[in-house]
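Please keep the model open while reading.

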Amino acid sequence: GHVYALRLSTAMAMNENLSSSLEVFVSVQTEDLVFSLANGDRTVSSLEPLVLDASASYDPNVPGQSADGIVLSVSAEPAVDNVTAFVSGLVLAVPAGLLDPGSYKFSLSISKEARSSVSRVVEIFVVPDQIPVVGIRVMNGGGKLSARAPIRLKGDAEFADSAAADRLSYRWSATGLRLSDSRAVRTAATLDTRNLVVAASALAEGASYTFTLTVTTVATGVVAWATASVHINRPPFGG
């Protein structure tokens, strides 16, 4: 950051010896890196690769929301052998078959030069069965979202069994927000579709919401789910 000194001087038009001045110091700090992670906590099959994609992260202090110079660091609990070897750029891709069934917490951190790092923890539940690969994309982009625009969520669901993939059911839920409220979505039926649009009128400035998309295979009842968290910007306010 930098510190700037601003001085305002005034003088009488008829007598410049009658003058006064005021000086203020303004400290300008760099904004934190914006950590944008595709999908959050979710279930995955041990038969499929695990991908944690932070490539949409960026530095808000440079033009064009560039990710240049940003480095991703990863650790896991319980430990995953040589997990850092699976990091390429801002993406972690663990090959299929390397994760035993169970619960894992992946700690991901992005950093750039001497800047403070920004971290996220993602909980992954690995199951031995073939399940739909579920994901959620926040179409508004990364970072904090405006309370004046609707949240647009795109659900993704893929299944290796192409026949069963045609018979998937969807259900949206949320924490911090009642989706059943008529102000949130147009109709309750909207909660049973792949995509979700949340009205701006239901959002609160400065709030955080977590959305969950649960996908069920109708033929077998196999369930998979994924989450996405969004944070609503709060404009400057008086102290």
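## Nonpolar surface patch

Strand β2 is the biggest contributor to the nonpolar patch, giving four residues. The model is a predicted one. On the surface, the patch consists of Tyr 4, Leu 6, Leu 8, Leu 22, Val 24, Val 26 and Val 28. Together they have about 620 Å² of accessible area. Two elements give two or more residues each: β1 (2-11) and β2 (19-28).

Val 28 sits in strand β2. Its relative accessible area is 40%, so Val 28 is partly exposed. Buried would require under 20%, and exposed over 50%.

## Nonpolar cores

In soluble globular proteins, nonpolar side chains tend to be buried together. Here the largest nonpolar core holds 30 residues. Ile 151, Trp 172, Leu 179, Leu 196, Val 198, Tyr 209 and Phe 211 have the most contacts inside it. At least two residues of this core come from each of β10 (133-138), β11 (151-158), β12 (168-175), β13 (195-198), β14 (208-217) and β15 (223-231).

## A buried lysine

Where is Lys 112? Lys 112 lies in the loop between β8 (102-111) and β9 (118-127). Its relative accessibility is 10%, so Lys 112 counts as buried; the cut-off is under 20%.

The Lys 112 side chain reaches the backbone oxygen of Asp 68 at 3.4 Å. Leaving aside residues up to four places away in sequence, Lys 112 touches Leu 33, Asp 59, Val 62, Asp 68, Gly 69 and Ile 70.

Conventions. Residues are numbered from 1 along each chain as its sequence is written. This is a predicted model: local features need pLDDT of at least 70, side-chain atom pairs count only at pLDDT 80 or more; totals for chains, interfaces and linings use all residues. Side-chain values use heavy atoms; hydrogens and water are left out. Buried means under 20% relative accessible area, exposed over 50%, partly exposed in between (1.4 Å probe, protein chains only). A polar contact is a pair of N or O atoms within 3.5 Å; within protein, one must be able to donate a hydrogen and the other to accept it, and residues adjacent in sequence count only if both atoms are side-chain atoms. Contact means heavy atoms within 4.5 Å. A nonpolar core is a set of buried Ala, Val, Leu, Ile, Met, Phe, Trp, Tyr and Cys residues joined through side-chain atoms within 4.5 Å. Patches are made of residues with over 30% relative accessible area and no salt bridge: like charges are joined within 9 Å, nonpolar side chains (Val, Leu, Ile, Met, Phe, Trp, Tyr) within 5 Å. Accessible areas come from the Shrake-Rupley method with a 1.4 Å probe; for residues, only the protein chains shown count as cover. A salt bridge is a side-chain nitrogen of Lys or Arg within 4 Å of a carboxyl oxygen of Asp or Glu.
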